[in-house]
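Here are some friendly notes to read beside the model. Please keep the structure open as you go through the points.

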Amino acid sequence: MRTVQHYGVEINGRRYNGACLDGLRDMAGSDIALDKRRLPFFADPDDITRIHFRDDERLWHTLEWEHTPGLQMPLSEEALRFARRLAAKEYTYPNDRLALALLLERWNLGLGTSLVERRMALRLAREQLKDELPNPTTTGADRLPSVAHVLSLHEQPQPPALESAVAAEAETGDDDADSLEELDEEIDFYATALKDVDDDA
């Protein structure tokens with residue numbers, strides 16, 4: 001729950017804004033009760049570049065972080081915390097724009113020096129790659145003769161039914177299984193053999 005201010009909404013030191021807040025900015029006035037000024041905003045920790053808000057009419061709106069236009073990619077909350085720590089080592093009063101610039105410069109030089117940096121860099125690269133993957137329909141696989149034939153069928157072929165597979169297995173039988181008659185003969189053999197041993201003793 002956050003209150004709407006004149007600049008937008010602040011979450012963990014990040015400011016978000018959007019046109020959908022225009023009618024709500026005066027909610028920070030003292031004549032409105034505090035419980036009516038607090039509204040729910042939903043954030044994804046794996047992508048803090050935007051948050052989501054549902055208004056009274058139950059319509060969803062998206063608010064962008066003030067530094068989103070310069071990023072052009074998702075950024076996790078973990079990566080921003082690391083960037084802030086990194087900037088604080090070099091500057092007395094760094095802001096988020098400077099922290100992000102330092103972090104991106106560091107990652108462009110390599111994957112980083114620690115496992116944490118590598119994990120964050122790989123996560124960012126994975127998110128970028130997801131956006132750049134080609135559409136499966138444009139890969140040309142549908143032009144292969146076998147694929148084109150299957151796609152042209154009115155009904156797609158179905159895998160064999162489980163019942164037929166079980167029936168086939170039952171028909172082949174088990175080479176190690178003995179019939180009941182053979183089992184009875186074997187029991188009689190051992191019973192007779194043990195009786196003979198007892199008689200000899």
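Buried means under 20% relative accessible area, exposed means over 50%, and partly exposed lies in between, with a 1.4 Å probe and protein chains only.

1. Ground rules. This is a predicted model, in which local features need pLDDT of at least 70 and side-chain atom pairs count only at pLDDT 80 or more, while totals for chains, interfaces and linings use all residues. Residues are numbered from 1 along each chain as its sequence is written, and side-chain values use heavy atoms, with hydrogens and water left out.

2. The chain as a whole. The protein chain has eight helices and seven strands; these are DSSP runs numbered from the N terminus, helices being H or I with at least four residues and strands E with at least two. Of the 201 residues, 22% are buried. The accessible surface is about 15,100 Å², and carbon and sulfur atoms account for 53% of that (Shrake-Rupley method, 1.4 Å probe; for residues, only the protein chains shown count as cover). Take the contacts (heavy atoms within 4.5 Å) between residues at least 6 apart in sequence: 45% of them join residues at least 24 apart.

3. Arg 50 sits in strand E6 (residues 47-54) and Glu 64 in strand E7 (residues 60-65), 14 residues apart. Arg 50 is partly exposed at 29% relative accessible area, and Glu 64 is partly exposed at 37%. Asp 47 joins Arg 50 and Glu 64 in a network of salt bridges.

4. A helix-to-helix pair. In the salt bridge between Arg 84 and Asp 96, the closest N and O atoms are 2.8 Å apart. Arg 84 lies in helix H3 and Asp 96 in helix H4 (residues 96-108), so the pair ties together parts 12 residues apart in sequence. Arg 84 is partly exposed, with a relative accessible area of 27%, whereas Asp 96 counts as buried at 10%.

5. The cavity. How many cavities of 30 Å³ or more does the structure hold? There is one, and the largest cavity has a volume of about 40 Å³. On a 1 Å grid over the protein atoms alone, a cavity is a set of points where a 1.4 Å probe fits but cannot get out, and lining residues have an atom within 4 Å of a point. Grid points are joined across faces, edges and corners, and the volume is the space filled by probe spheres set on the points. The lining includes Asp 46, Pro 74, Met 120 and Glu 127. Helix H5 (residues 115-132) contributes the most to this lining, with four residues.

6. A look at Phe 42. This residue is in strand E5 (residues 41-44). Phe 42 counts as partly exposed at 41% relative accessibility. Apart from neighbours within four places in sequence, Phe 42 is in contact with Ile 51, His 52 and Trp 60. Phe 42 and Arg 54 are 12 residues apart in sequence, with 8.9 Å from C-alpha to C-alpha.

Key
A salt bridge is a side-chain nitrogen of Lys or Arg within 4 Å of a carboxyl oxygen of Asp or Glu. On a 1 Å grid over the protein atoms alone, a cavity is a set of points where a 1.4 Å probe fits but cannot get out, and a pocket is an open set with protein on both sides within 12 Å along at least five of seven lines; lining residues have an atom within 4 Å of a point.
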